[in-house]
Amino acid sequence: MAKRSTILKNWPKYLMQWGVLAALVAFMTGLIPPVSTVFPDFSCSTGKWLQAIAGPAILVAVLLLSRLFCGYLCPLGTVQDLLVKFRTRIRMKSIKVRNGSAADKALRIMKYALLFWIYYMTVQVSGLFCGDAGISHAAVTGLPEEPVLWISVASAILLVIGCIAIDMFWCRYICPLGAISNSFRFWLWIAGLSGAYFIAVLLGADIPWFYLPGAFCIMGYLLEIFHARPKLQIFHITKNEIPCNNCGACVRSCPYHIELREFHNGKVNHVDCTLCCECVAACPSGALTVGSQSPTRKKIWRAVPVLLAILLAVLMISAPFIIR
């Protein structure tokens, strides 16, 4: 959890995070009735429609901007912040896993293995596997029922234990959405891989369908651990080295502990960056801000991630009503 001064400087992000978490808790506990009870025509399939719409919306946001959903809208990120605060209050030491270390690279395999398993099972059952355990599905229909309830419970236990032990454990090592988001930040590589597969199929090659998602997961993992600085993105955290005094406040404040001191004038384009602006809020010298390519001190750029996250949230929420 960020310090009080950081929360005050970065209040729009926290307002969005806690608002989403509060709404989700209200849905899950029945304080707010599920959408399906207010709109009877909204069946179980509507929650899956929301999931289907959220996927492309998040993908477009990742391609053009960053992992805004992860940094502003995902309630699991908020839960992780709260777990870190709890761990700090009880003075419990965490397991330090440095970015780029052998342990970090090995642990990142898990989310890609999970992504491939979900994709494979989704094709086998002709429907989004584990979709009934998703957050958007729960908001529409309420708490999941057997046999998917155990998936939600197991995920919650893993989230709590993992994130108390290791910072951002779920996002860095478990979340399949994080695997997709990180992979598509290298979209030229992914487009080339997909193009090569379909050309080979058109030329008559007998390649099993699961080779493509398998290759996608392998390529995404390798790019993430060996080339963790995607270049094709519109907005970034930008750094001006002139006022920077290398105090390290940005690294300590970053949820992923990205080593911003390794970046020089220009964009901070680390694959884990979600544009959450925690580093910007913590920087005492004003060396960090949000921008396109070069450093800028125009404060209007600080509002861009929040506004785009709001737009993304409105799109995801309103799309099922529009389709209906």
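1. Ground rules. This is a predicted model, where local features need pLDDT of at least 70 and side-chain atom pairs count only at pLDDT 80 or more, while totals for chains, interfaces and linings use all residues. Residues are numbered from 1 along each chain as its sequence is written, and side-chain values use heavy atoms, with hydrogens and water left out.

2. Overall make-up. The protein chain has 17 helices and 3 strands; these are DSSP runs numbered from the N terminus, H or I of at least four residues for helices and E of at least two for strands. Of its 324 residues, 45% are buried (under 20% relative accessible area; exposed is over 50%, partly exposed in between, with a 1.4 Å probe and protein chains only). The exposed surface comes to about 16600 Å², with carbon and sulfur atoms supplying 71% of it (Shrake-Rupley method, 1.4 Å probe). Among contacts with a separation of 6 or more, 79% link residues 24 or more positions apart; contact here means heavy atoms within 4.5 Å.

3. The core. The largest nonpolar core counts 32 residues, and those with the most contacts inside it include Tyr-72, Leu-73, Ile-237 and Ile-258. By nonpolar core I mean buried Ala, Val, Leu, Ile, Met, Phe, Trp, Tyr and Cys residues joined through side-chain atoms within 4.5 Å. At least two core residues come from each of α5 (68-73), α15 (249-253), α16 (278-282), β3 (288-291) and α17 (303-323), and α17 gives the most, with 5 residues. Leaving out residues up to four places away in sequence, Leu-73 touches Met-16, Val-20, Leu-68, Ala-309, Leu-312 and Ala-313.

4. A lysine worth a look. Lys-111 sits in helix α8 (residues 109-125). Is Lys-111 buried or exposed? With a relative accessible area of 1%, Lys-111 is buried. Beyond its neighbours within four places in sequence, Lys-111 is in contact with residues including Cys-171, Arg-172, Tyr-173, Asn-182 and Glu-224.

5. Aromatic pairs. There are 11 of them in the structure (Phe, Tyr or Trp rings, the six-membered one for Trp, with centres within 6.5 Å; planes under 30 degrees apart are stacked, over 60 edge-to-face, the rest tilted). Tyr-112 and Tyr-221 have ring centres 6.0 Å apart and planes at 65°, so they count as edge-to-face. Because Tyr-112 lies in helix α8 and Tyr-221 in helix α14 (residues 211-226), this pair ties together parts 109 residues apart in sequence. Both Tyr-112 and Tyr-221 are buried.

6. Phe-169 is buried at 10% relative accessibility, and Tyr-173 is buried at 0%. Elsewhere, Phe-116, Tyr-119, Tyr-120, Trp-209, Phe-210 and Tyr-211 form one aromatic cluster.

7. Charges over rings. The charged end of Lys-13 sits over the ring of Tyr-14, 4.4 Å from its centre. Arg-229 lies over the face of Phe-263, 4.0 Å from the ring centre. The test is NZ of Lys or CZ of Arg within 6 Å of the ring centre and within 35 degrees of the ring normal.

8. Asp-81, in helix α6 (residues 75-89), counts as buried at 11% relative accessibility. Asp-81 and Ile-164 are 83 residues apart in sequence and 9.8 Å apart in space, C-alpha to C-alpha.
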